[in-house]
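Please read them alongside the coordinates.

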Amino acid sequence: MARNGSDDALRRDTARVDAIEGLLAYAATRSAREALRQVSRAVAMSRDLAAEHPEHTSLLVRALVMQSGLHLRRKRPNRALAPAEESVRLARKAGGAPLARSLFALSAAYEALQRFSEAAQAADEANGVMDLD
């Protein structure tokens, strides 16, 4: 019996999603330094996947939020800002909980950078998004 090409592609995409999810789960059990390496791999893989299949953008958003948080845990707020900002840009399309999580990550990065006004604005927006759900 011949294989259906779309079934093969779906299996490959599912395997890629599973691999990214696995990296994120594994990273959650590691030290911040090791976790950051794993999450960076997950970001790269999810960036490629989302470029091919935009419906997987939420996975990239999750990886970016995690990356930002890990940079903050390592006391590197300057490095935390870019992934937080990118996650907000990407999550705005979908809204809801992913956007709220991204905005809270952005707020945390701003606060760590002592940009308190921007931190408060991001947190207020996140709370507003949550109120809409």
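1. Helices here are DSSP runs of H or I with at least four residues, strands are runs of E with at least two, and both are numbered from the N terminus. The model is a predicted one, in which local features need pLDDT of at least 70 and side-chain atom pairs count only at pLDDT 80 or more, while totals for chains, interfaces and linings use all residues. Residues are numbered from 1 along each chain as its sequence is written, and side-chain values use heavy atoms, with hydrogens and water left out.

2. Helix 3 covers residues 57–73, and its end C-alpha atoms are 24 Å apart, in agreement with the 24 Å that its 17 residues should span at 1.5 Å a residue (the expected span being 1.5 Å times one less than the number of residues). Among its buried residues are Leu59, Leu60, Ala63 and Leu64, together with the polar Gln67 and Ser68; buried means under 20% relative accessible area, exposed over 50%, and partly exposed in between, with a 1.4 Å probe and protein chains only.

3. The axes of helix 3 and helix 4 come within 8 Å and cross at roughly 160 degrees, where axes are lines fitted to C-alpha atoms, for helices over the stretch in contact, and angles run from 0 to 180 degrees between N-to-C directions. The contact (heavy atoms within 4.5 Å) involves residues including Leu60, Leu64 and His71 of helix 3, and Pro77, Ala80 and Ala84 of helix 4.

4. Phi of Lys75 is near 65 degrees, a positive value in a residue other than glycine, and at 69% relative accessibility Lys75 counts as exposed. Gln114, in the loop between helix 5 and helix 6, has a positive phi of about 60 degrees although it is not a glycine, and at 61% relative accessibility it also counts as exposed.

5. What surrounds Ala109? This residue of helix 5 (residues 96–112) counts as buried, at 0% relative accessibility. Leaving aside residues up to four places away in sequence, Ala109 touches Leu72, Pro77, Ala80 and Leu81; the C-alpha atoms of Ala109 and Leu81, 28 residues apart along the chain, are separated by 5.5 Å.

6. The largest nonpolar core has 37 residues, and Leu24 and Leu106 have the most contacts inside it. Helix 2 gives the most to this core, with eight residues. Such a core is a set of buried Ala, Val, Leu, Ile, Met, Phe, Trp, Tyr and Cys residues joined through side-chain atoms within 4.5 Å.
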